[in-house]
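I opened my notebook to look at how the inside of a protein chain is put together. Here is what I had on screen.

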Amino acid sequence: GCPTQKSISFRTAVMRGLAHDRGLFVPDSFPTVSPEELESWRNLSYADLATEVIGKFVKDDEVPRDVLAGIVKKSCGAFRSEDVTPLIKVEEHYILELF
């Protein structure tokens, strides 16, 4: 994190939107994911995978896991594609379509 900014909670970061310098918030530390855990995520839906990844950064006492899952599922429901982040093939390459 920034040496001039104290640590803040996930909720506070979400509510502020941007850091004091108008940049993005960066976690104080990054969680680890074991190879077994990563493998267990292989067949998850986009929403379930997002919940697992975000859950690594959000404490249960800040946002309970079932509430987080509901927020993510509702957010993903707003996407036009069932895949949420569809890849399209252009010649030999796959490109993430963000519109």
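**Entry 1: the model.** I noted at the start that this is a predicted model.

**Entry 2: the core.** Which residues make up the largest nonpolar core? I found eight: Ala47, Ala50, Val58, Val63, Leu68, Val72, Cys76 and Val84. Then I looked up where they come from. Helix H3 (46-55) and helix H4 (65-76) each supply at least two residues of this core. H4 gives the most, with three residues. I wrote a general reminder beside this: in soluble globular proteins, nonpolar side chains tend to be buried together.

**Entry 3: one contact set.** I picked Ala47 from the core list. Leaving out residues up to four places away in sequence, I found that Ala47 touches Val72, Lys73 and Cys76.

**Entry 4: helix H4.** I checked the length of H4. H4 has twelve residues, and at 1.5 Å a residue they should span 16 Å. The end C-alpha atoms of H4 are 16 Å apart, so the two values agree. Next I listed the buried residues of H4: Leu68, Ala69, Val72 and Cys76. They sit on the same side of H4, because they cover an arc of only 100 degrees around the axis. Which exposed residues does the face turned away from the buried side of H4 carry? I found Asp66 and Lys74 there. H3 is among what covers the buried residues of H4.

**Entry 5: the rings.** How many aromatic pairs does the structure hold? I found one. Phe30 and Phe57 form it, edge-to-face, with 6.4 Å centre to centre and 90 degrees between the planes. Phe30 lies in the loop between helix H1 (10-16) and helix H2 (35-40), and Phe57 in the loop between H3 and H4, so the pair ties together parts that are 27 residues apart in sequence.

Entry 6: Phe30 counts as exposed because its relative accessibility is 59%, and the cut-off for exposed is over 50%. Phe57 has a relative accessible area of 37%, so I put it down as partly exposed.

Notes: Residues are numbered from 1 along each chain as its sequence is written. This is a predicted model: local features need pLDDT of at least 70, side-chain atom pairs count only at pLDDT 80 or more; totals for chains, interfaces and linings use all residues. Side-chain values use heavy atoms; hydrogens and water are left out. A nonpolar core is a set of buried Ala, Val, Leu, Ile, Met, Phe, Trp, Tyr and Cys residues joined through side-chain atoms within 4.5 Å. Buried means under 20% relative accessible area, exposed over 50%, partly exposed in between (1.4 Å probe, protein chains only). Helices (H or I, at least four residues) and strands (E, at least two) are DSSP runs, numbered from the N terminus. Contact means heavy atoms within 4.5 Å. The expected span of a helix is 1.5 Å times one less than its number of residues. The arc is that of the directions from the helix axis to the C-beta atoms. Rings of Phe, Tyr and Trp (its six-membered ring) pair if their centres lie within 6.5 Å; planes under 30 degrees apart count as stacked, over 60 as edge-to-face and the rest as tilted.
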